[in-house]
Amino acid sequence: MSVEAKQGIAPLRIPAGLGGLLPALILIGLFFVVPVLALLLRSVTDPAPGLQNYAALLGDVTYARVFFNTFLVALVVTIVTVLVAFPVAWMLAIMPATLASVLFGIIILSMWTNLLTRTYAWMVLLQRTGVINRTLMGAGIIDQPLPLINNLTGVTIGMVYIMLPFMILPLVGTLRAIDPMTLRAAALCGASPLAAFRRILLPLSLPGIAAGGLMVFVMSLGYFVTPALLGGTSNMMLAEMIAQMIQSLLNWGLGSAAAFILLVVTMALYALQLRLVGVRRSTGGA
Amino acid sequence: MTQLFLSIRKLRKAFGAFTAVHDVTLDIPKGEFLTFLGPSGSGKSTTLYAIAGFQDPTSGDVLLQGKSLLSVPSHKRNIGMVFQRYTLFPHLSVAENVAFPLRVRRRPEADVKRKVADMLSLVRLESFAERLPAALSGGQQQRVALARALAYDPPILLMDEPLSALDKKLREEIQAEIRRIHRETGVTVLYVTHDQEEALHLSDRIALFRDGRIEQIGTGEDLYLRPATEFVAGFIGNSNFLAAEHLESENGTASVRLADGSIVKGVKATHKLERGQKARLMVRPEAFRMRPVEGNASLTVEIVDMAFFGDRRRVVVRTGWGDEIDARPISDSTDRSNVGAVAGRQIFFDPAAAFLFPAEQGA
């Protein structure tokens with residue numbers, strides 16, 4: 001048995017000690033690398049060999065609008081998520097451990113609740129006759145219902161809510177590693193709370209913001225359910241477009257090409273972030 | 001008489017039912033090196049934090065040149081501080097750490113450059129200017145912290161056990177640095193430590209804290225040679241305490257009866273004691289002699305151990321009633337070390353170097 005197994009592995013020339021990684025490598029190869037390659041293959045062969053699918057996507061104003069809108073939504077969602085998550089993460093980082101773990105539980109619990117349920121809940125809250133508009137009108141603050149749904153506002157609210165845990169968790173880790181005494185030292189050095197935040201806390205939390213921000217941005221780029229339910233027809237996102245291409249138009253080649261462009265952009269962003277964070281750390285951000 | 005500089009007035013800090021600092025009152029003249037010494041939980045750090053503005057006192061006041069500091073937020077107090085933990089900004093170079101207080105004060109770039117260079121040369125770390133804190137040893141980091149705390153010429157420098165994370169050799173080295181820097185800059189220093197040797201080495205005056213109160217304040221010599229209480233005598237230097245009964249006292253000297261019935265006359269007693277009151281007689285290890293001297297008191301003891309340390313011997317003896325005494329007499333040629341247990345020897349001490357304290361409740 002063992003001799004056979006050795007013979008089976010030997011032609012692959014796996015360095016000694018890496019044999020244990022084999023199951024993981026097979027898993028990734030079979031379920032990640034192969035499908036991505038199939039996707040790439042399809043995008044340049046369906047319906048006919050050539051780059052016409054990419055030419056169509058990159059040359060058409062309608063598609064360009066979808067790409068632009070996708071990046072706009074992802075960017076807005078990421079920025080708003082960072083702004084909302086930072087104070088929450090800071091609070092979690094400095095509060096007593098027992099209380100913090102309870103709040104962590106609540107945040108994690110929201111992640112475990114069904115995505116569709118949460119998005120429908122936002123529909124109930126945000127629509128013209130929804131809870132928010134009726135409350136505001138009842139209180140006499142507004143006369144007309146605010147347009148909170150089927151537009152960028154609705155998508156942003158719904159997606160920020162869903163993305164928050166992915167920003168808060170890495171950020172808490174980074175913030176907890178910062179010694180609060182460092183901020184006291186900054187205060188005695190003469191730094192106002194704002195100056196201490198800008199010159200000390202913010203630079204020190206950048207790795208966490210970058211890690212969480214990238215995760216949120218990338219997830220937002222390919223998000224489907226929330227933009228489909230809370231967004232309007234005028235600001236379609238890439239995932240919706242891919243779904244349409246494949247489900248309605250049955251154009252697998254065009255859909256594959258769009259998906260591949262999304263993947264390449266995502267990987268490029270990741271590479272960029274690795275560079276930026278690395279550089280920032282080593283030059284001290286001064 | 002020095003002018004009034006920093007005054008702490010009836011400072012009190014309570015955390016719920018626990019009072020960490022009880023009405024501490026203290027005047028510190030300009031340029032003094034004052035150490036808050038005491039065991040952990042004695043209120044020394046809490047007092048320092050009230051001066052820094054990290055803790056609001058329950059009552060009392062802190063005055064700098066006659067003006068209250070309490071309503072001034074930390075970042076406007078213009079006080080320098082070196083912390084127990086390393087608090088350099090990890091993302092800034094050594095030079096930028098030192099420049100930080102100047103940059104937040106928006107000083108001109110040329111001034112910042114000059115001052116940073118001055119400060120780094122003061123702590124002798126010129127060649128480390130471009131390093132990040134993580135590339136420095138603990139001792140170097142604390143020296144940079146010192147440079148950062150002095151860069152804006154604060155009138156007061158607070159130091160909260162800055163050397164406690166360093167090993168003994170490094171501690172002594174940096175103590176010498178701190179003495180030199182205090183001499184060169186003339187800054188007023190408030191230094192917190194629980195290490196009495198460090199306090200004696202560094203300070204002009206020492207305030208010995210106990211349970212939130214100042215037990216005694218004075219020079220190191222005051223505290224060592226003229227301890228006001230048994231606690232001070234026990235905390236500063238090594239001391240032996242012998243159970244004794246007070247007989248009578250006059251003009252600061254007293255007669256006592258030891259447990260074996262022998263009577264010692266002429267010991268120092270600053271406290272008022274009743275006749276027959278239980279007391280404790282404190283004798284420093286170096287006050288003992290192995291040979292009789294005119295006017296000395298004697299004790300009949302059993303020698304438990306004797307070792308030779310060059311100029312002094314360390315002799316451990318046990319009295320007839322079971323008290324153990326650690327004696328460090330000056331060496332002479334007639335005694336032999338490592339003799340093992342010897343019963344019935346006599347050791348001697350000058351009563352004028354012995355202090356009588358009332359026995360404390362529960363002691």
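**Two chains of a predicted complex**

Trainee: In which helix is the place of Phe68(A)?
Mentor: In this predicted model, the place of Phe68(A) is in a helix of chain A that runs over residues 61–94. That helix is H4 of chain A.

Trainee: How far apart in space are Phe68(A) and Asn150(A), C-alpha to C-alpha?
Mentor: Along the sequence, Phe68(A) and Asn150(A) are separated by 82 residues. In space, taken from C-alpha to C-alpha, their separation is 18 Å.

Trainee: Where does H8(A) bend by about 40 degrees?
Mentor: Helix H8 of chain A, residues 152–176, has 25 residues and reaches 34 Å from its first C-alpha to its last, which is close to the 36 Å expected at 1.5 Å a residue. A proline, Pro165(A), follows within four residues of the bend, and the bend itself is at Met163(A).

Trainee: Which helix gives the largest share of the side of chain B that touches chain A?
Mentor: The contact between the chains involves 23 residues of chain B and 18 residues of chain A. By class, the side of chain B that touches chain A has 13 nonpolar, 6 polar and 4 charged residues. The largest share of that side amounts to 4 residues, and it comes from H2(B).

Trainee: Among the elements of chain B, which has the lowest mean pLDDT?
Mentor: Chain B has a mean pLDDT of 88, with 95% of its residues at 70 or more, and its secondary structure comes to 8 helices and 20 strands. Among these elements the highest mean pLDDT, 96, belongs to helix H2 of chain B, residues 94–104, whereas the lowest, 78, belongs to residues 342–349, which form strand S19 of chain B.

Trainee: What percentage of contacts in chain B between residues at least 6 apart in sequence join residues at least 24 apart?
Mentor: Chain B has 363 residues, of which buried residues make up 42%, and its C-alpha trace spans about 75 × 45 × 40 Å along its principal axes. For contacts between residues at least 6 apart in sequence, the share that joins residues at least 24 apart is 65%.

Trainee: Why does Ala176(B) count as exposed?
Mentor: Ala176(B) is found in helix H5 of chain B, residues 168–185, and its C-alpha lies 8.1 Å from that of Leu202(B), 26 residues away in sequence. Ala176(B) counts as exposed because its C-beta neighbours inside 10 Å number 12.

Technical notes. Residues are numbered from 1 along each chain as its sequence is written. Chains are lettered from A and ligands numbered from 1 in the order in which they are written. This is a predicted model: local features need pLDDT of at least 70, side-chain atom pairs count only at pLDDT 80 or more; totals for chains, interfaces and linings use all residues. pLDDT is the predictor's confidence in each residue, from 0 to 100. Helices (H or I, at least four residues) and strands (E, at least two) are DSSP runs, numbered from the N terminus. Two residues are in contact if their C-beta atoms, placed from the backbone, lie within 7 Å. Ala, Val, Leu, Ile, Met, Phe, Trp, Tyr, Cys and Pro count as nonpolar, Asp, Glu, Lys and Arg as charged, and the others, Gly among them, as polar. The expected span of a helix is 1.5 Å times one less than its number of residues. The bend at a residue is the angle between axes fitted to the seven residues ending there and the seven starting there. A residue is buried if 20 or more other C-beta atoms lie within 10 Å of its own, exposed if 12 or fewer, and partly exposed in between; C-beta atoms are placed from the backbone.
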